[in-house]
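Student: Could you give me a close look at one part of this structure, the nonpolar core and what packs around there? Take your time and keep it chatty.

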Amino acid sequence: MAIEKFPIEAGHVMMFARAIGDGNKIYYDEAHAKKTEAGTIVAPPTFVQASAQFDPDYFLRPKIGQPWFGSGKEPTGLKPDASQDFDISRGLHAEQRYEYHRYPKVGDVLTATVKPGKTWEKEGRRSGKLKFSETITEYRDQKGELVVTATSVGVVTERAVEQK
Amino acid sequence: MALKASQLKVGDTHKERIVEDLKRTQIVQYAGASGDYNPVHTDEIFATKVAGYPSTFAHGMLTMGMTGKMLTNYVGDARLTKYGVRFTSQVWPGETLDAMATVKEIRQEGGQHYVDLEVSTVNEKGAEVLHGYATAKIDP
């Protein structure tokens, strides 16, 4: 997976900030942002996750004209994506780490490249065998300079996590 | 607004309620903004009948995003250099979450002051749902 163009847009940043319940004016008010140390509208710390919107192949977004595995009136019985080698309903996000080389801001146009990291297995108490896999995404700016390094660890459980 | 090394000490804490009675609509909002439309988060029929969960549940990244709000309120805008978490428990609609940062170390590197924080978010039952760390640039 790679993202050729991830423009950091003001409306997108505003919607993302609203979704995480963050009313900080630096995320939507340009006049206010100009008076801050950053001097401009910046993106919230976890915003680069929304680069999924700009990944043409992102498998957790319904695609026009293609079947979608979420339910209508009833479950569809469809698999999310035949190319995925795991059952998405068993996939969970285990860890996420960000390193900010500089802070992303509105007007940046980033690219993202993804490389696989480590994989490992563990026996879970509440969900059977756990398969962990790491992916590392590097976000670079227009000049090719590294802006954010994101490391994500996903886990696929053998069965739904039992609730305590 | 940024923190000052001279006014911080190890063990200082900052705590915020980041969400009260988490609404399913907020989870939908997060799906729309982030682009993660995995139906386990927004589609009750899929979450219960297909995936076998008691209900839909929040994206881990929503909890990390809301916890990030507590961090940026504390350290100031565009000051973080690192932020990482483990999702230790799923977050369900209706939960109320409190996020806390604890100062672990105040240090200097190449003339720049930094604070290292431990980060923890718990639900209304006291169960930890997120545990992690953050580092921010601070003023002298």
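Tutor: Two residues are in contact if their C-beta atoms, placed from the backbone, lie within 7 Å. Bear in mind that this is a predicted model, where local features need pLDDT of at least 70, side-chain atom pairs count only at pLDDT 80 or more, and totals for chains, interfaces and linings use all residues. Residues are numbered from 1 along each chain as its sequence is written, with chains lettered from A and ligands numbered from 1 in the order written.

Take Leu71(B): beyond its neighbours within four places in sequence, Leu71(B) contacts Pro45(A), Leu80(B), Tyr83(B), Ala101(B), Val119(B) and Ala134(B). Leu71(B) is also, with Val13(A), Phe16(A) and Ala134(B), one of the residues touching the most other members of the largest nonpolar core, which has 71 residues (buried Ala, Val, Leu, Ile, Met, Phe, Trp, Tyr and Cys joined through C-beta atoms within 7 Å; buried means 20 or more other C-beta atoms within 10 Å, exposed 12 or fewer, partly exposed in between). The biggest giver to this core is helix H3 of chain B, residues 60-75, with eight residues; helices are DSSP runs of H or I, at least four residues, and strands runs of E, at least two.

Phe16(A) turns up again in a helix pair: in H1(A), Met15(A), Phe16(A), Arg18(A) and Ala19(A) meet Gln26(B), Gln29(B), Tyr30(B), Ala33(B) and Ser34(B) of H1(B).

As for the rest of chain A, the chain has two helices and five strands, in the order β-α-α-β-β-β-β from the N terminus. Of its 164 residues, 30% count as buried. Its C-alpha trace spans about 50 × 40 × 35 Å along the principal axes.
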